[in-house]
Number of protein chains: 2
Amino acid sequence: VSTAADGAPPSGRRGRRAGGEDTRAAILACARAEFADKGYDKASMRGIARAAAVDPALVHHYFGDKEHLFVEAMHLPFDPETVLPQLLGPGIDGLGERLVRLFLRVWDEPASREPFFGMLRSAMSSERAADMLRGFVSSALLGRVAASIDLPDRQLRVSLAASQLVGMALLRYVVQVAPLTNATEDQLVLLVAPTIQRYLTA
Amino acid sequence: VSTAADGAPPSGRRGRRAGGEDTRAAILACARAEFADKGYDKASMRGIARAAAVDPALVHHYFGDKEHLFVEAMHLPFDPETVLPQLLGPGIDGLGERLVRLFLRVWDEPASREPFFGMLRSAMSSERAADMLRGFVSSALLGRVAASIDLPDRQLRVSLAASQLVGMALLRYVVQVAPLTNATEDQLVLLVAPTIQRYLTA
């Protein structure tokens with residue numbers, strides 16, 4: 001793990017660094033390494049600060065909490081903090097449709113699809129990458145949606161909703177099964193939104 | 001591509017070979033190479049016979065048709081010819097439940113999960129592997145199930161059913177999202193079978 005940003009003065013390599021763009025980039029590089037190495041749950045802001053040779057307060061100052069740091073380090077195209085209120089705010093009615101549309105829009109854009117797809121691909125060949133993806137998805141996404149529904153087996157129900165969305169994306173964008181690749185957003189919403197809605201509410 | 005089985009007499013390398021276990025293994029090796037190289041749809045029994053330096057009639061004699069050859073070459077744990085009648089024979093009632101149970105049983109066994117998982121993993125990093133998986137899944141599996149249902153968008157509906165099953169397997173066995181990994185077969189059937197049944201019938 002590199003602990004210094006490119007171009008940082010050699011004197012910065014021993015002590016703690018001051019702020020700046022190089023420092024920010026160095027923290028993100030160390031965060032990627034730490035998440036990949038330890039998984040999402042075991043990675044810590046403190047450990048990342050230590051690897052980047054900065055004060056933990058600086059990491060908090062730049063990135064807030066671990067979830068935001070992960071979102072930035074992994075180049076995720078949206079922040080759960082912003083998206084979840086849009087999904088959950090209007091209440092449980094239409095939640096299935098909102099989830100399907102959001103998911104399709106993220107995956108329809110190659111630029112926003114790539115980080116997720118990269119994590120999913122890594123998770124299929126590396127236990128650690130699977131651990132990282134699982135930790136983030138469970139803590140930052142599924143847990144929050146689950147907290148908003150009131151049914152037995154709600155963790156399982158939210159996980160199944162996620163499995164339908166991930167499976168749809170995998171066959172539509174990666175394996176490219178023709179009927180899925182050729183379907184419009186509205187066709188998919190018509191068939192898939194009731195599935196998601198039923199998992200989350202019925 | 002090697003065209004000779006290990007231990008085959010050197011004289012066999014030029015002309016066509018006679019039958020035997022070595023020949024059978026050589027045909028399977030050439031079939032794997034041809035499927036990987038050309039994808040399922042474009043691979044041909046004739047091309048595989050040529051690569052293995054045997055008469056095409058011998059390939060048909062050993063393996064029947066292209067689908068069976070693929071099943072054997074890829075070490076798939078079941079033959080669509082055997083499984084589909086069990087799924088579809090009893091009619092449309094309970095088809096969702098039969099599909100979920102079959103799928104879980106195949107994936108619960110590491111030995112039978114591995115060939116599918118290997119194909120899926122390859123499909124995520126290789127366009128050709130995606131083509132091979134898509135061709136087989138579309139022709140041998142989805143097409144036959146679709147032929148048995150009578151609804152508009154039936155190809156799309158069958159593909160969505162497949163996407164739910166694949167997504168469930170991916171999060172349960174590969175990413176190992178805890179609520180899915182810990183769920184029993186019956187818990188999953190209770191929640192997922194209605195999804196599959198609705199896609200295929202409602």
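**View 1. Where chain A meets chain B.** In this predicted model, 39 residues from chain A and 39 residues from chain B make up the contact, where contact means heavy atoms within 4.5 Å. Together the two chains bury about 3,400 Å², with carbon and sulfur atoms giving 70% of that area; buried area is the accessible area (1.4 Å probe) that two parts lose on being put together, summed over both. Look for M124(A), L156(A) and L191(A): these supply 21% of the area that chain A buries against chain B, more than any other three residues.

**View 2. The helices on the chain A side.** At least two residues each of the side of chain A that touches chain B come from α7 (110-125), α8 (127-147), α9 (154-174), α10 (178-182) and α11 (185-201) of chain A. Helices here are DSSP runs (H or I, at least four residues), numbered from the N terminus. The largest share, 14 residues, belongs to α9(A). Sorted by class, this side of chain A has 25 nonpolar, nine polar and five charged residues; Ala, Val, Leu, Ile, Met, Phe, Trp, Tyr, Cys and Pro count as nonpolar, Asp, Glu, Lys and Arg as charged, and the others, Gly among them, as polar.

**View 3. The axis between the copies.** The same surface serves both copies, as 100% of the contact residues of chain A recur in chain B.

**View 4. A salt bridge within chain A.** E185(A) and R101(A) join their side chains in a salt bridge (2.7 Å, N to O), a term for a side-chain nitrogen of Lys or Arg within 4 Å of a carboxyl oxygen of Asp or Glu. E185(A) sits in helix α11 of chain A and R101(A) in helix α6 (residues 95-108) of chain A, so the pair ties together parts that are 84 residues apart in sequence. Across the interface of chain A and chain B, the rule finds zero salt bridges.

**View 5. Confidence along chain A.** Chain A has a mean pLDDT of 82, and 90% of its residues reach 70 or more; pLDDT is the predictor's confidence in each residue, from 0 to 100. Confidence is lowest in α7(A), at a mean of 74, and highest in α11(A), at 96.

**Notes.** Residues are numbered from 1 along each chain as its sequence is written, and chains are lettered from A and ligands numbered from 1 in the order in which they are written. Local features need pLDDT of at least 70, side-chain atom pairs count only at pLDDT 80 or more, and totals for chains, interfaces and linings use all residues, while side-chain values use heavy atoms, with hydrogens and water left out.
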